[in-house]
Amino acid sequence: MAHLGLVALLVREYDEAIDFYVGDLGFELLEDTARPDGSRWVVVRPAGARETAVLLARPSSAEQRARVGDQTGGRVGLFLYTEDFARDHARMVAAGVRFLEEPRHEAYGSVAVFVDLYGNRWDLLQPRSTE
């Protein structure tokens, strides 16, 4: 197995999710295809990424709708790596992304927790260089 291809993330509506992930986070839209059941296959990924992407999935049941914004029980469940923490943090703040804390510089790197459009917690993380 070479890599993890997609991670599904429940969203309320496709277009608002695309606006946030592409417009505010700077991801690229890889695919937005209508499906026969009325749903869409919407895939985004961080600009420049080549492996893992995010499938933006609209819930199909009340149980799934209840999980929008809380897919990981309130803990950080998604980790967005960057090569330039200060640049990306400043760009995201300017775009209106809500950070829950000031940037921290830990033994493993620079990090700050932010929430997506629905409240899912993410780390913006620049790992410390091992060189």
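Is Arg 87 buried, partly exposed or exposed? Select Arg 87 in this predicted model and you will find a partly exposed residue with a relative accessible area of 48%. Asp 88 itself is buried, at 12% relative accessible area. While you are looking at charged pairs, pick Asp 15, Asp 32 and Arg 40: salt bridges that share partners join them into one network.

Then move to Glu 28 and Arg 50, a salt bridge with its closest N and O atoms 4.0 Å apart. This pair links distant parts of the chain, with Glu 28 in strand β2 (residues 27-34) and Arg 50 in the loop between β3 and β4, 22 residues apart. Glu 28 is partly exposed at 26%, whereas Arg 50 is exposed at 60%. The count of salt bridges comes to nine.

Finally, head for the largest nonpolar core, which has 26 residues. Good ones to select are Tyr 21, Leu 25, Phe 27, Leu 56, Phe 114 and Trp 122, those with the most contacts inside this core. Among the elements that each supply at least two core residues are α1 (14-24), β4 (53-57) and β9 (121-127). The largest share, five residues, comes from α1. End on Tyr 21: beyond its neighbours within four places in sequence, its contacts include Leu 9, Val 44, Asp 116 and Trp 122.

Definitions and conventions. Residues are numbered from 1 along each chain as its sequence is written. This is a predicted model: local features need pLDDT of at least 70, side-chain atom pairs count only at pLDDT 80 or more; totals for chains, interfaces and linings use all residues. Side-chain values use heavy atoms; hydrogens and water are left out. A nonpolar core is a set of buried Ala, Val, Leu, Ile, Met, Phe, Trp, Tyr and Cys residues joined through side-chain atoms within 4.5 Å. Buried means under 20% relative accessible area, exposed over 50%, partly exposed in between (1.4 Å probe, protein chains only). Helices (H or I, at least four residues) and strands (E, at least two) are DSSP runs, numbered from the N terminus. Contact means heavy atoms within 4.5 Å. A salt bridge is a side-chain nitrogen of Lys or Arg within 4 Å of a carboxyl oxygen of Asp or Glu.
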